[in-house]
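Colleague: I have a model open and want to learn how to read it. Can we take a few features in turn?

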Amino acid sequence: MDPSTEESQTKEMDIRSLSSSHGHTHSDRYVHKVGLPPKQNLFKEFKETLKETFFADDPLRPFKDQPRSRKFILGIQTIFPILQWGRSYNLKKLRGDIIAGLTIASLCIPQDIGYAKLANLDPQYGLYSSFVPPLIYAFMGSSRDIAIGPVAVVSLLLGTMLQNELDPTKNKEEYLRLAFTATFFAGITQATLGLLRYSGTFFHKFQKKSWGFLIDFLSHAAIVGFMGGAAITISLQQLKGFLGIKKFTKKPDIISVMNSVVKSAHHGWNWQTIVIGASFLSFLLFAKYIGKKNKKFFWVPAIAPLISVILSTFFVFITRADKQDVQIVRYIEKGINPPSVNQIYFSGEYLLKGFRIGVVAGMIGLTEAIAIGRTFASMKDYQLDGNKEMVALGAMNVVGSMTSCYVATGSFSRSAVNYMAGCETAVSNIIMSIVVFLTLEFITPLFKYTPNAILAAIIISAVIGLIDIPAAILIWKIDKFDFVACMGAFFGVVFSSVEIGLLIAVSISFAKILLQVTRPRTAILGKVPRTTVYRNIQQYPEATKVPGVLIVRVDSAIYFSNSNYIKERILRWLEDEEEQLKEACKTTVQFLIVEMSPVTDIDTSGIHALEELHRSLQKRDIQLILANPGPVVIDKLHASDFANLIGENKIFLTVADAVSSCTPKLVDQQV
């Protein structure tokens, strides 16, 4: 027999067997057509789009079909959730909240004094920020476990950005006013986002949502790196108080700090201060170890900072170590928060600066609070309303800015202690606030001899937990590009500043999004044996290609940013396939099927790219076939007349239907 005749018969048998393998011949197989969605009213479609964008959680659902009086009550409860859960409050819950509130108060008081120094503010402003904001949050927040107050990262960020605008020592009054202005706009930003219900996706680890335009570009990897870098920077800043250095650099980067430390080594270090700092840092770390080792002793690391402050203050007082150049707090203003609404800049050159700083600080504070709230909510199996959280956080910072507070948010260390102490509701924040009130009224003079070294030790021990090495290792294993974002944010903070680190984190995360959008994945599909299912041949090596047919799946919406790439990538797949077939002397490609199930949308550039693809295939005598376009896509294909261009009989519901329509034609052509 002639070899060419034998080869022709073999190809014919392959094609006929393929046709019969689907269980039906082309004549008796019912092929479902792709449904064209009914035309919608333009106004209605626009309204639905806006609703899904800004009100995806349908916040007005509880108000549906309710009488006016009930709607009013529901509205008040929406703003003040305490009116809802407060009806079931009892003495048992109060006992748990009192214990938790007292415990977190013992932790927050020494921390707040130190965090105020991070923001370059007097110590009392840290305590002020743990008095008013927690009270507001208790009435408006929806989390049972979150503990409110200043936090290290936001304090450092705020202090660094404010210091770039004003010198905190030379322009103390203007600096303080700018801090209140930034706090005001931080609250406005948070509350506005809550009112707009603007939500998206956020880092996967805590199963959270992201809130706001900036946070949409902060991946979990970037946050891990940013927080780790901030922890290093905060710890380095504490070397001034820890070593007793008087002249210290104002730059936050590691090179400047270490240079300042080394230069002060011969005459600037104070050995008494170092002994105090090292001793109590060891004690605090040991207390943390005990708390982690046995959860029954969670209260040990919680009260350790307060014990350290009491003991170190007493030691300095009886030994008069301050006479030996041991730096002390000296004075904390007594009394509760004075009003500061008249100090906020509502006009002038500092208005825009305060707005810019407030937006960034508000976003970071919001991110941390939502993350913490959702983490503990999932542990206790209850739902946290992110929108209410944003409004509550915004309201407390707006009120806080008018009562001498700087940006407050949820603290992970305090919230963890609050949770472990058995808190039942947000009343624990009220108890903490009452203790801070009593401290401001009666106890602040006792902090006069508190050494700065102990505050440095407390802050160092608190921020060490922000360095999450296991998370960084996991990021490396999962996604190398994410690891680059993580390290970029980390080194940006450590070697430059918090703002640069944040900018790098956003930039790298944004670059990743752009890369994924402009260079989407495509795949060659093959038929899984003994099924009518078509899958990626790289994932399923047993899947076989269909002779004479190339099936390509596009794993993205087709927009102006990627349409040309998708067209060229499909043609490259085609060229590679034809070269392989030519070398193997097999049937050339006569049909190109584009699987469009993952294609959620297409724009005019995308349709234009399909038209160019169709023309290129026509020149090669190859037919273009589409499989399973979604409702938005098929509607636009018909609106643009592309469906008529390739023929409606070339658009199928499934890849199996598309292949089934090709096989008889292949058989006829071979015969």
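Modeller: Let us start with one side chain. At 49% relative accessibility, Phe286 counts as partly exposed. Buried means under 20% relative accessible area, exposed means over 50%, and partly exposed lies in between (1.4 Å probe, protein chains only). This is a predicted model, where local features need pLDDT of at least 70, side-chain atom pairs count only at pLDDT 80 or more, and totals for chains, interfaces and linings use all residues. Residues are numbered from 1 along each chain as its sequence is written, and side-chain values use heavy atoms, with hydrogens and water left out.

Colleague: Which helix holds Phe286?

Modeller: Phe286 lies in helix α13, residues 271–293. Helices (H or I, at least four residues) and strands (E, at least two) are DSSP runs, numbered from the N terminus. Phe286 and Ala304 are 18 residues apart in sequence, and their C-alpha atoms are 9.6 Å apart in space.

Colleague: Now strands. How many residues of β5 are buried?

Modeller: In a regular strand the side chains alternate between the two faces of the sheet. Here, six of the six residues of β5 (residues 522–527) are buried, so β5 is largely enclosed by the rest of the structure. Both faces are covered. Thr522, Ile524 and Gly526 are on one side, with Ala523, Leu525 and Lys527 on the other.

Colleague: Which strands pair with β5?

Modeller: Two strands pair if DSSP finds at least two bridges between them. Three bridges join β5 to β7 (residues 549–554), and the two run antiparallel. In that pairing, Thr522 stands opposite Val554. β5 also pairs with β6 (residues 534–536), again antiparallel and over three bridges. There, Leu525 stands opposite Asn536.

Colleague: How many disulfides does a search of the whole structure find?

Modeller: A disulfide is a covalent bond between the sulfur atoms of two cysteines. The test is a pair of cysteine sulfur atoms within 2.5 Å. The search finds zero. Cys405 is buried, with a relative accessible area of 0%. Cys423 also counts as buried, at 2%.

Colleague: And Ile434: where does it lie?

Modeller: Ile434 lies in helix α18, residues 427–443. Ile434 is partly exposed, with a relative accessible area of 41%.
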